[in-house]
There are 2 protein chains.
Amino acid sequence: MLEKINYKKFIFPLVVGVILWFLAPIRPAGVDLAAWRMLAIFVATIIGCVTKPLPIGAVAIVGFAITVMTGEVKIDDAVAGFGNSSIWLIVMAFFISRGFIKTGLGKRIALVFVKIFGKKTLGLMYSLIGVDLILAPATPSNTARAGGIMFPIINSLSHSFGSKPEDHTERKIGSFLTFGEFHGNTITSAMFMTAMAANPLAQSLAKSVHVNLTWMDWFIAALVPGIFSLIVVPFLIYKMYPPEIKETPNAAAWSKERLSKMGVMKPAEKWMAVIFVLALILWVLGSTLQIDATLTAFIALALLLLTGVLNWNDILQEKGAWNTLTWFSILVMMANELNELGFIPWLSNFISDDLHGLSWPIVLVILILFYFYSHYLFASATAHVSAMYTALLGVAIDAGVPPILAALMLGFFGNLFASTTNYSDGPAPILFSSGYVSQLDWWRLNGILGVFYIVSWLILGSLWMKICGFY
Amino acid sequence: MLEKINYKKFIFPLVVGVILWFLAPIRPAGVDLAAWRMLAIFVATIIGCVTKPLPIGAVAIVGFAITVMTGEVKIDDAVAGFGNSSIWLIVMAFFISRGFIKTGLGKRIALVFVKIFGKKTLGLMYSLIGVDLILAPATPSNTARAGGIMFPIINSLSHSFGSKPEDHTERKIGSFLTFGEFHGNTITSAMFMTAMAANPLAQSLAKSVHVNLTWMDWFIAALVPGIFSLIVVPFLIYKMYPPEIKETPNAAAWSKERLSKMGVMKPAEKWMAVIFVLALILWVLGSTLQIDATLTAFIALALLLLTGVLNWNDILQEKGAWNTLTWFSILVMMANELNELGFIPWLSNFISDDLHGLSWPIVLVILILFYFYSHYLFASATAHVSAMYTALLGVAIDAGVPPILAALMLGFFGNLFASTTNYSDGPAPILFSSGYVSQLDWWRLNGILGVFYIVSWLILGSLWMKICGFY
């Protein structure tokens, strides 16, 4: 049986790609033919990742085949893209986060938080976000974190408070918790290099223009605006989109019951906890001890396998990891080639000229606004980061923005721009399709919170990084 | 729940590795400390792949972590091993062979062969091996070919002739077909660079000592000894290990019935056939048209996805591909580092000195005998090839064996040495554990056929390659 494919969805990427390809003769001076053709293929692939005639991985494979077939990139160089250290960090962390789910440690942590902090609805929300925050540094799939660990808990919590979309009781508590978790997850994603798949990508793209970001740089720089957002945003949502149930005296009992059902910590959970803390320590001290973050992730996986927390089959059936490895490596390879073939440097110069004479703070604001609002056109944070990060960073540096400030700020907004649509990143469609939040509310509230992120992270973030001596 | 792990099985690799590691101070002059330590880790990892305290992939991950942790290889270089073009050829071909299984085309081809050629048992055997031969160029997992496509057919054929191990009727026909397929598969694996996972590995290792093998070189050189073996070996098995049923007048009817049940070729099968033939053509003409074999495989996969023969989920759940990618890339990376750090060149010189003064044909024979019979110690053809191929090729070249002859001959025997044990490569344990062939018969018959392969491939192969002007 042939798979059903909606071939109409190929039209848009194909037409754009073909037009760009054949516009080569009138391409701007200073752009090589190979660079221009790479652009045509890249743009078509990115559009294909948005219109999705096939899943993103399959689109990437097609783009890969065309790139090499038409001679833009040699096969050995193209395949070398699968050996990218940043991407294997993500792959490894997918496996590590499987340990949280398999052992039940993730669930236990959540239940403990609810038990301790969950007397009022707002406290419950903070406690849930606290769980997300704890898991974030080791869970670069924010989708796995929101969808795999947090959502099942939020769903069963809401049900236990009699809040279900099918009964039109979603506003009792479920809407608030679901939307709050979406934002908590977005903020925690922005706070750690290892908390979202596109963050190490940003690091790797920054390196290609000679800006080195360590895990610790990212963490320190994001600390103050991150904590500020984690405190303020749930409260803003509580005010703008209040739950009908404000007190949750039963939550403690609810989680107590579930915890007693879970019994004492099992050896697998204990090993998971020990190995996770070890990984966390190595990630934090990595730049001091000269231990690479990817190596730390490999060590953690080796320990999880050696202790028997995970078996090899858990690894092989972790489809998310293999999926990410494939499409992500290909997009990064293409974005890198676009840079190496000279298109990105040309584009940066071109925009720089337009922004000429403006002071760098204004340039930074313009770039962040452009980056943020163009996300309405993207169905994947990663696709957007790979498409624009390098070019915008180049423009920023040319305009005199301190390189590390620009690199980190663009890194943060590669997460924060999720505050736009219901297809903005991985967690969005999962949490949205639960039905707790209407599309209108989702777009409206995200619109408001988006402004909050832009203002607070630009001002507070720049100030804090200045104080820390980043620039 | 923690996985059960037999920790005793760590003792042997660990003890050998640790002893080697601490013998570093008395290592031979001319071997760097890093090279020696890499050797200790590599040997321990290979032994671990044989004793299997954990599946081979998990052992490789542990070896990887230790290699980088102890500073033998930098993390970026180690991870770059996952971007190896030869390995992605295998990964892609796993996906392509999934198309044969999913569409039923593999089964249909087998049934047609049986219908046409299957009047006598020996004819049936040849026809089954013919199917294996046709699939071989596009199925680098010889395990998938033998276990996924051929074995289910042989099993149901045998049952339909009333031959079952549990009834002690295995010698009726099942034993003959099973053992014959094992050898057919071994020979077809040796005939095409893309017919067994370790072949592109051999190609890649040969490249590291500046011997370039194309798909077409391999095919031409193996053609005559391959066809000769395909004709003679089934006949030898028929004489040494005869089936009780010599005539199979029902086989045609049996396959006809199954074919009529399958109905006419479905669109998915047709697309599969067209894309497979296209890939075959590109593989054959690749060196003429300057189309790399890995690129061909990517194109074929892209077409299978675009036509809807495969969906993206088929790819993600193809565990064999991801498993092979992981452990294989790591072993190859280690074997390459052993070479680059200088151990393999030193070893080659060392053995060369011992073989000094011998004429090159004698050196070639000694090396092949050593390579073949040391396979009793290996549970994986690939592990054995990665461990020894480069060193033996280096020795051969130093001793004056024409490089291309040595590279191809070692390449062929990296398949033919499967004619040893019931754990010699992937297909062996699958076909053996069906119960049709006793362990004694398996070892005894393989011992005899092993001698046949050594004699015929060395003599016929060398002559044929001379005639073709390879050297």
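**Helix packing and chain contacts**

A: In this predicted model, the crossing of α6(B) and α12(B) is left-handed.

Q: What angle do α6 and α12 of chain B pack at, and how far apart are their axes?

A: Helix α6 (residues 105-117) of chain B packs against helix α12 (residues 249-262) of chain B at an angle of about 145°. Their axes are 8 Å apart.

Q: Which residues in α6(B) and α12(B) meet?

A: From α6(B) there are B:Arg108, B:Leu111, B:Val112, B:Val114 and B:Lys115. They meet B:Ala251, B:Ala252, B:Trp254, B:Ser255, B:Lys256, B:Arg258, B:Leu259 and B:Met262 in α12(B).

Q: And how many of the residues in that contact are nonpolar, polar or charged?

A: The contact of α6(B) with α12(B) has eight nonpolar residues, one polar and four charged.

Q: OK, on to the interface. How many residues of chain B and chain A are in contact?

A: 55 residues of chain B are in contact with 55 residues of chain A. The two chains bury about 4600 Å² between them, and 76% of that is on carbon and sulfur atoms.

Q: Which three residues supply more than any other three of the area that chain B buries against chain A?

A: Those are B:Leu2, B:Leu306 and B:Trp312, with 15% of the area that chain B buries against chain A.

Q: How many polar contacts and salt bridges between the chains?

A: There are 14 residue pairs in polar contact between chain B and chain A, counting pairs with both at pLDDT 80 or more. The rule finds two salt bridges across the interface. One of them joins A:Glu3 to B:Lys102, with the closest N and O atoms 2.5 Å apart.

Q: Which element gives the most to the side of chain B that touches chain A?

A: α14(B), with nine residues. By class, that side of chain B has 36 nonpolar, 12 polar and seven charged residues.

Q: Back to salt bridges: how many over all chains?

A: The search of the whole structure finds 16. Among them is A:Asp314 with A:Lys102, where the closest N and O atoms are 2.7 Å apart.

Q: Where do A:Asp314 and A:Lys102 lie?

A: A:Asp314 lies in helix α15 (residues 312-316) of chain A, and A:Lys102 in helix α5 (residues 85-103) of chain A, so the pair ties together parts that are 212 residues apart in sequence.

Q: Last one. Where does B:Asp32 lie, and what does this residue touch?

A: B:Asp32 lies in the loop between α1 (11-22) and α2 (33-51) of chain B. Not counting residues up to four places away in sequence, B:Asp32 touches B:Arg27 and B:Leu341. B:Asp32 and B:Gly342 are 310 residues apart in sequence but 7.4 Å apart in space, C-alpha to C-alpha.

Notes: Residues are numbered from 1 along each chain as its sequence is written. Chains are lettered from A and ligands numbered from 1 in the order in which they are written. This is a predicted model: local features need pLDDT of at least 70, side-chain atom pairs count only at pLDDT 80 or more; totals for chains, interfaces and linings use all residues. Side-chain values use heavy atoms; hydrogens and water are left out. Contact means heavy atoms within 4.5 Å. Buried area is the accessible area (1.4 Å probe) that two parts lose on being put together, summed over both. A salt bridge is a side-chain nitrogen of Lys or Arg within 4 Å of a carboxyl oxygen of Asp or Glu. A polar contact is a pair of N or O atoms within 3.5 Å; within protein, one must be able to donate a hydrogen and the other to accept it, and residues adjacent in sequence count only if both atoms are side-chain atoms. Helices (H or I, at least four residues) and strands (E, at least two) are DSSP runs, numbered from the N terminus. Ala, Val, Leu, Ile, Met, Phe, Trp, Tyr, Cys and Pro count as nonpolar, Asp, Glu, Lys and Arg as charged, and the others, Gly among them, as polar. Axes are lines fitted to C-alpha atoms, for helices over the stretch in contact, and angles run from 0 to 180 degrees between N-to-C directions. A crossing is left-handed if the near helix is turned anticlockwise from the far one by less than a right angle, and right-handed if clockwise.
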